[in-house]
Amino acid sequence: MWKLDREDDFFRIFDKNHNIAGYFVPDYGNIFPEDKADEVIEQMHKNRDKVPGGYLTVPMVKFGIFGSEEDMDVMYVESHLSDALLRLEAWKEFLLQNQMHHAIRLSHTDQDMLSLTFPVKFTDPVSLEKTAILGTLEPTLDLLHEKGLL
């Protein structure tokens with residue numbers, strides 16, 4: 001159901017319809033010298049080094065009202081904000097239930113959406129290889145999908 005594509009130091013996550021479902025940034029550890037980070041990370045991927053986890057970023061709430069130059073009426077705005085509030089409540093319940101550390105930011109690809117980032121700690125270090133990482137992330141992605149959060 002899921003597919004990973006690597007771009008630079010992160011992976012894009014696609015759903016079965018080829019839509020972006022999120023991003024995964026591996027925890028590469030402390031890289032020295034810092035000015036050689038790109039080269040070191042590239043070598044880590046070539047060597048299929050193992051990482052302890054990383055950070056998963058997924059869409060959280062799309063408002064449907066920001067970034068549009070078109071006129072809206074109060075009913076339209078209320079409807080979209082009510083939908084956003086319902087989605088926010090679903091995320092809040094999930095995050096509190098699972099006691100997850102997280103950060104919420106304005107999405108870098110859509111100014112009308114908030115994205116949620118949370119740490120992912122692997123049980124055992126996983127190779128920097130698409131199949132291995134996807135196999136480890138799949139249960140989390142499946143759970144978010146089942147809960148209607150992805």
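Let's start with leucine 56. Setting aside residues within four places in sequence, Leu56 is in contact with Ile13, Tyr23, Phe24, Leu116, Thr117, Phe118, Val120, Thr140 and Leu141. Keep in mind that this is a predicted model.

Leu56 also turns up in the largest nonpolar core, which has 33 residues; Ile13, Phe24, Leu56, Trp91, Ile133 and Leu137 are the ones that touch the most other members. As for where the core comes from, at least two residues each are supplied by strand 2 (10–14), strand 3, helix 1 (37–47), strand 4 (50–62), helix 2 (74–97), strand 6 and helix 3 (130–146). In soluble globular proteins, nonpolar side chains tend to be buried together.

## The chain as a whole

Stepping back, the protein chain has three helices and six strands, and along the sequence they run β-β-β-α-β-α-β-β-α. The C-alpha atoms fill a box of roughly 55 × 35 × 30 Å along the principal axes.

Of the chain's 150 residues, 33% count as buried. If you take contacts between residues at least 6 apart in sequence, 60% of them join residues at least 24 apart.

Methionine 60 sits in strand 4. Met60 counts as buried because its relative accessibility is 2%, under the 20% cut-off. Not counting residues up to four places away in sequence, Met60 touches Arg87, Leu88, Trp91, Ile104, Leu114, Ser115 and Leu116.

One of those partners, Trp91, is also among the core residues that touch the most other members.

## The largest pocket

Now for the empty space. Rolling a probe the size of a water molecule over the atoms shows where empty space is left. The largest pocket holds about 170 Å³, and its lining is made up of Phe10, Tyr23, Val25, Thr57, Arg105, Leu106, His108, Ser115 and Thr117. Strand 3 (20–26), strand 5 (103–106) and strand 6 each give two or more residues to that lining.

By type, the lining residues split into four nonpolar, four polar and one charged. Some of these names have come up already: Tyr23 and Thr117 are among the contacts of Leu56, while Ser115 is one of the residues that Met60 touches.

## Serine 127, at the end of strand 6

Serine 127 belongs to strand 6 (residues 113–127). Ser127 counts as buried because its relative accessibility, 17%, is under 20%.

Its side chain has a polar atom 3.2 Å from the backbone oxygen of Arg48. Leaving out neighbours within four places in sequence, Ser127 is in contact with Arg48, Asp49, Lys50, Ala132 and Ile133. Ile133 is another name from the list of core residues that touch the most other members.

Most residues other than glycine have a negative phi, and most peptide bonds are trans. A few spots here are worth a look against that background. The peptide bond from Phe32 to Pro33 is cis, with omega near -10°, and Pro33 lies in the loop between strand 3 and helix 1.

Then there are two positive phi values in residues other than glycine. Aspartate 8, in the loop between strand 1 (3–7) and strand 2, has a phi near 55°. Histidine 18, in the loop between strand 2 and strand 3, has a phi of about 70°. Asp8 counts as exposed because its relative accessible area is 57%, over the 50% cut-off. His18 is exposed too, with a relative accessible area of 62%.

## Phenylalanine 66, out on a loop

Phenylalanine 66 is found in the loop between strand 4 and helix 2. Is Phe66 buried, exposed or partly exposed? Phe66 is partly exposed, because its relative accessible area of 47% falls between the 20% and 50% cut-offs.

Leaving out residues up to four places away in sequence, Phe66 touches Gln111 and Asp112. Phe66 and Arg6 are 60 residues apart in sequence, and their C-alpha atoms are 30 Å apart in space.

Definitions and conventions. Residues numbered from 1 in each chain as written. Predicted model: local features only at pLDDT ≥ 70, side-chain atom pairs only at ≥ 80, totals over all residues. Heavy atoms only, no water. Helix = DSSP H or I, 4+ residues; strand = E, 2+ residues; numbered from the N terminus. Buried < 20%, exposed > 50% of the residue type's maximum accessible area, 1.4 Å probe, protein only. Polar contact = N/O pair within 3.5 Å; in protein donor to acceptor, adjacent residues only side chain to side chain. Contact = heavy atoms within 4.5 Å. 1 Å grid on protein atoms, 1.4 Å probe; cavity = no way out; pocket = protein on both sides within 12 Å on 5 of 7 lines; lining within 4 Å. Points joined across faces, edges and corners; volume = space filled by probe spheres on them. Nonpolar A, V, L, I, M, F, W, Y, C, P; charged D, E, K, R; others polar. Core = buried A, V, L, I, M, F, W, Y, C linked by side-chain atoms within 4.5 Å.
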